[in-house]
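Here is a short report on one protein chain. Keep the sequence and the model side by side as you read.

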Amino acid sequence: MVTEAQASGVSLGKVSSVESSPEDHALENKGTGTWSLTAWVSEVQAFEARAVRAQAWETQAFEAQSRASHPKVTPVTGAAAAPVLRQRFLPEKVQVPEEEKSELLITRPFWSNKAEYLLAQVGYTMRPASLWSFCYLWLHSGGGIFLIIYIFLLFLIGIPLLFLEMTAGQRMRQGNIGVWKAINPWTGGIGYTSLMVCFINGLFLNVVTAWILFYLSQSFQFPVPWEKCPLLENASGFDPECARTTPSLYFWYRMTLKASDSIENNGPPVLSLTLPLFVSLCLLGAFMLKGLKWTGKVMCVLVSTSGLIMLYLVVRSIMLEGAVFGLHYMTVVKISTIADASIWHGAGNQVLCSLGLGFGSIVSIASHMESSNSCLSDAVIVALANLVSMMLVTPFIFSVLGFWATQLTHHCNAKNIETILKLVNMGILPPEAQPPQNLIGNPTSIFTSWFNSLSHPIKKEVLSHVSECNLEEQFLKIKESTNFAFLAFIEAMSFIPGSISWSILFFLMLLNLELSTTIGITHSIITSLQDIFISVQKYTKLFTVVVLILMFLCGHFFTRPSGSYYIRLLIDYWTIVPIIIIIIFENLAVNWARKAGR
């Protein structure tokens, strides 16, 4: 390959020959009529200026990268010959324009070490919604068979796609938009689509963080406000609407969301969520404004504390009453469901969502890693860490659900006995239906033993007045939704002795997990926008503040009374479709680049 310095030397050799024998060159020009001496000299001088400017750019780039602790990279071919070229043919110093110098000095920062980089990737993938959906699919999609299918698809689809996005970001050293535009301008739409999906998800994730902060602030009261129904103003009775449901449901829909009856009934943003939303954005700013090295340390703290709290809650939850009943469902294996296409579809969607593929955050986080880093081992580590976190949180969720179902069954049986006593005293039921009044210990087993001792006609008559309390049916009432943690878990924790400490630890864990995910989402948004508006790279802190303010203002859309309905629609029906499309086109773009020899 002919280098720039060699090419300049050849051209200058021609110029010197022209200057030494002008008559010969004049005759040659006269014979051919194709070359002009003046144009030729101008072209050579312009080429020399470009070569020296390239050398000046490269020298300043190496100096800036060394200041940023970047390992020294071997210069491109011809860099060693450039000083000779400057000394021999252009002794005067070439000045690089200030605009070009300022753009050159904007170097991409690196993670302090690989541990921070891996924890940032792991923290981004540990989404609370994905952790719950994994447990839900395990419960309703064949039990252990779903786990086998999920692990198979994780290695077949998840790790290769994770490796693809990590490699693209690390190799191109750009954000999500810049990576795909560098492959081909026609594939730049992948980055813009990811930016749109990432921005919308970032908006409602900040609102979810606001919900967590609101509940965390209310957890320091005794008793917690979702444990009992509130009293009516200027009255001694409870709110009749709360009496018809549970205190946790009432607090969630009426006190927190102030939810409307339908999605069409809009209203102004809920003021009680404005402050938590502002605090969530302030936390993001505090974690990101000081630079990447500070963000890496924050991610280490968030991920490590989340893991410690999760481990403590797992150990503590398996000691609860009814935890064994919940853990029993972890051992269920329905082999017949392995041929069910819906289970494979759900497991595939879970792989994509749990790893956060297609959002561009993995690309952006990996773009701050050295090009010599092994992406394949990183992809395997992140995927396995994500799998371990889900396997760790699953027994915790199943144990608490078993406790929750057991407590609700106890309350149901106690309520039935109270109703039967009233009916017997009123003469509606015969005296033989007199239930036991002492339910201390295990109300469910006492009621079941008494009920089984009744004759068949009396059983039938009793069941006509009260509802049957079934522990298994109560356990399987779980619905997949974003607000699960605010309903079943809160209600379950209100039954546990020391519910305040449980609530604080639980919401603190949720807050750490949600913030680590939101940091990855916000980082992808900022780097993608910097790919579009290159000039703002010089003002990263100011630009980050502007983006956070914009997200705060737009996030009020989801704090309206109908906002929870839109969040449910986005999570359940909208997000997965563009993610699948983005991933398909990512693979097509990389395949085209490989075949094109790029």
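## Confidence

The chain has an average pLDDT of 81, and 79% of its residues score at least 70. pLDDT is the predictor's confidence in each residue, on a scale from 0 to 100. This is a predicted model: local features need pLDDT of at least 70, side-chain atom pairs count only at pLDDT 80 or more, and totals for chains, interfaces and linings use all residues. Residues are numbered from 1 along each chain as its sequence is written, and side-chain values use heavy atoms, with hydrogens and water left out.

Confidence is lowest in helix 1 (residues 4-20), with a mean of 39, and highest in helix 13 (residues 274-288), at 95. Helices here are DSSP runs (H or I, at least four residues), numbered from the N terminus. Over residues 1-41 the pLDDT is below 50. Residues 68-94 also stay under 50. Where pLDDT is low, the predicted coordinates should not be read in detail.

## Helix 6

Helix 6 (residues 114-125) has twelve residues. From first C-alpha to last it reaches 17 Å, close to the 16 Å expected at 1.5 Å a residue. That expected span is 1.5 Å times one less than the number of residues. At the N-terminal end, N113 caps the helix: a side-chain oxygen lies 3.2 Å from the backbone nitrogen of A115.

## A glycine in helix 18

G402 is found in helix 18. Is G402 buried or exposed? G402 is buried, at a relative accessible area of 0%. Beyond neighbours within four places in sequence, G402 is in contact (heavy atoms within 4.5 Å) with E321, G322, G326 and F475. Its C-alpha is 7.2 Å from that of V324, 78 residues away along the chain.

## Two disulfides

The structure holds two disulfides (pairs of cysteine sulfur atoms within 2.5 Å). One joins C229 to C242, with 2.0 Å from S to S. C229 lies in the loop between helix 10 (188-218) and helix 11 (240-243), and C242 in helix 11, so the pair ties together parts 13 residues apart in sequence.

The other joins C412 to C469, with 1.8 Å from S to S. C412 lies in helix 18 and C469 in the loop between helix 20 (456-463) and helix 21 (471-475), so this pair ties together parts 57 residues apart in sequence. C412 is partly exposed, at 21%, whereas C469 is buried, at 17%.

Conventions:
Helix = DSSP H or I, 4+ residues; strand = E, 2+ residues; numbered from the N terminus. Polar contact = N/O pair within 3.5 Å; in protein donor to acceptor, adjacent residues only side chain to side chain. Buried < 20%, exposed > 50% of the residue type's maximum accessible area, 1.4 Å probe, protein only.
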